[in-house]
Amino acid sequence: MSIEKTTEPPAPVPVTKTDVPRSGGPPRPKKEGQVLNAFSHGILVLWAVMVVLPLLWAVMTSFKDDGAIFGSPWSLPDKLHFDNWSRAWTEANMSDYFLNTVLVVGGSLIGTLVLGSMAAYVLARFDFPGNRFIYYLFVGGMSFPIMLALVPLFYVVNNMGLLNTIHGLILVYIAYSLPFTVFFLTAFFRTLPSSVAEAAFVDGASHSRTFFQIMVPMAKPGLISVGIFNFLGQWNQYMLPTVLNTDPDKRVLTQGLVQLAVSQGYKGDWSGLFAGLVMAMLPVLAAYIVFQRQVVQGLTAGALK
Amino acid sequence: MQHGKYRFIVGFLALPLGLYALFVVWPFIQSIYYSFTDWTGLSPEFKMVGLDNYRRMLDDEIFWKSLQHSLMFAVVLPLVTIGLALFFAFMINVGGRKRRGGPVISGVRGSSFYKIVYFFPQVLSIAIVALLFAFAYNPDSGAINSFLRGIGLDGVQPLWLGDPDLALWCVMAVLVWSTVGFFVVLFSAGMASIPADLYEAALLDGAGRATTFFRITLPLLWDTVQSGWVYMGILALGAESFAVVQIMTTGPGGPDYSTTVMVLYVYQKAFRDGQAAYATTIGVALLVVTLAFAALVMRLGRRERLEY
């Protein structure tokens, strides 16, 4: 992945006429190049606008009052209605949803990385009967439709008394994050040199000590990539909590916002809802802009393998 | 290295494997078993009914609609998304103007800016994206129709999600919007690793950009395109289509079941209608479709691997 020049300014509109024709160069490719250049810039700018416009529109709308939202969707707000934001945060329970999401994702992410790296290390570095079978059991989980398992899973979780609990949701998130995590980290551990671990072992370190003190630090880049992948996946997760987490007090962000939208039919606080939407969008977008190289690496790593 | 090896292996695998078996593998096996019962999900009692659920499914008109829509998601979405993404990625990486003394092939100016912006939707939750577009599609006060009125197209005011003929396309457009950026970045990385002398040689031989794309870029990128295709198809059959259809369309499932998809139908049968066994039957059908799709793409796309 090579996106180093993050500070490069936005592309200007193509200026074709400054390119004074020179004698000597082959005329045909040059002309084609120019037309193509203008054309490609045009298309690229158009798509960039189409991506950014809905997001900017949401931010703008979150500062308008309800009347203006429905009356004139494109006009600028008459004044900045910051009360939308405070209302969403307190009355619409956005603060609870944030807290629940942070708890669930925090617990799941740590659990996924610890358990995933343990399993991946063993599968990557040790020969034992059943190794391949367990590996494919994990990896196969990536292509199966999760919804099929969710029907019985609801009752499994219910029978264990874990339905509508934060820790129950954490355990399920970890279980469903393991396929990709194990797949990715197994490949990663295989690329690490084995000599260091062997030296540590000869010096008397136990297997688990070798893992935690030697291998985990060496695997840090891989752990960061897969960690970002899981963080975004778990933060944005919608299907699992919709099925397994129906208690209004335990809702995570995505669920809470959808419920909020459904209930607006009666309450009619659309401006508060938009403030909630933007509130949920901004932290992730900000984190992406700051860590964009790592995020892109983490998210595309899987598909490239 | 042998000392305590097996104790260590068991100790390290027990917890992850146990959790995975309990919450993923076991429910999968159970649901295939349940598809042969009359379990409602509401009471613990059930009895075996053989293939009754499967017979019922074949006569279920809504099932066939959901299957049809799911297949459209799996075929149309990757086609459009990957097509657009290839086009954008080619423009970004190869569409640049030739500068004096520069490389023969170069990216447009600000290529990294485009890659950053295009990737925005990918980091947002599909649920939030769906909510946002549900507003934009609102026929009376939504941003799209209001925009159309603004540029003088007062006559063109579609109902969007309320129109049975349009609703499915509206939903698919949202998924395209949110996933194109991911593939642009993915393909850009692949294109960046194609050596420049291949392009130079092609240009010297008089190849245009289109020829360059189809004869050099696409073949060398084929592996990435193919795995991206499978990845996108699995998403489009599963979690992503569930979120957009459930959140955006009325019902949910759209006017006259015009947007219902298999994954949503499973959810509704199990958790709304109390027909858990029948839901798992549809789930098994979804599993078959997903595996068949993946196998088909891998088979159709099989080519000789090109080394460079």
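Predicted model: local features only at pLDDT ≥ 70, side-chain atom pairs only at ≥ 80, totals over all residues.
View 1. Chain B has 14 helices and zero strands, and its pattern along the sequence is simply α-α-α-α-α-α-α-α-α-α-α-α-α-α. Its C-alpha trace covers about 80 × 75 × 30 Å along the principal axes. Of the 308 residues in chain B, 50% are buried. If you take the contacts in chain B with a separation of 6 or more, 69% of them join residues 24 or more positions apart.

**View 2. Where chain B meets chain A.** Here 91 residues of chain B are in contact with 85 residues of chain A. On the chain B side, helix 1 (residues 5-34) gives the most, putting in 19 residues. Sort that side of chain B by class and you get 63 nonpolar, 22 polar and six charged residues.

**View 3. Helix 6 against helix 12 in chain B.** Helix 6 (residues 126-137) and helix 12 (residues 239-248) of chain B pack at about 35°, and their axes are 9 Å apart. The crossing of these two helices of chain B is right-handed. From helix 6 of chain B, the contact takes in B:Ile126, B:Ala127, B:Ala130, B:Leu131, B:Phe133 and B:Ala134. Facing them from helix 12 of chain B are B:Glu240, B:Ala243, B:Val244, B:Ile247 and B:Met248. By class, that makes ten nonpolar residues, no polar ones and one charged.

**View 4. Helix 7 of chain A and its bend.** Helix 7 (residues 166-191) of chain A bends by about 45° at A:Leu178, and a proline, A:Pro179, follows within four residues. What about the length? At 1.5 Å a residue, the 26 residues of helix 7 of chain A should span 38 Å, and the end C-alpha atoms are 36 Å apart, which agrees. This helix is also largely enclosed by the rest of the structure, because 20 of its 26 residues are buried.

**View 5. Positive phi in two loops.** A:Asn164 sits in the loop between helix 6 (146-159) and helix 7 of chain A. Its phi is positive, about 60°, although A:Asn164 is not a glycine. A:Asn164 counts as partly exposed because it has 18 C-beta neighbours inside 10 Å, and a residue needs 20 or more to be buried. Over in chain B, B:Tyr257 lies in the loop between helix 12 and helix 13 (262-271). B:Tyr257 is another residue other than glycine with a positive phi, near 55°. With 16 C-beta neighbours inside 10 Å, B:Tyr257 counts as partly exposed too.

Conventions:
Residues numbered from 1 in each chain as written. Chains lettered and ligands numbered in written order. Contact = placed C-beta atoms within 7 Å. Nonpolar A, V, L, I, M, F, W, Y, C, P; charged D, E, K, R; others polar. Axes fitted to C-alpha atoms, helices over the stretch in contact; angles between N-to-C directions. Left-handed = near helix turned anticlockwise from the far one by under 90°. Expected span 1.5 Å × (residues − 1). Bend = angle between axes of the 7 residues up to and from the residue. Buried ≥ 20, exposed ≤ 12 C-beta atoms within 10 Å, placed from the backbone.
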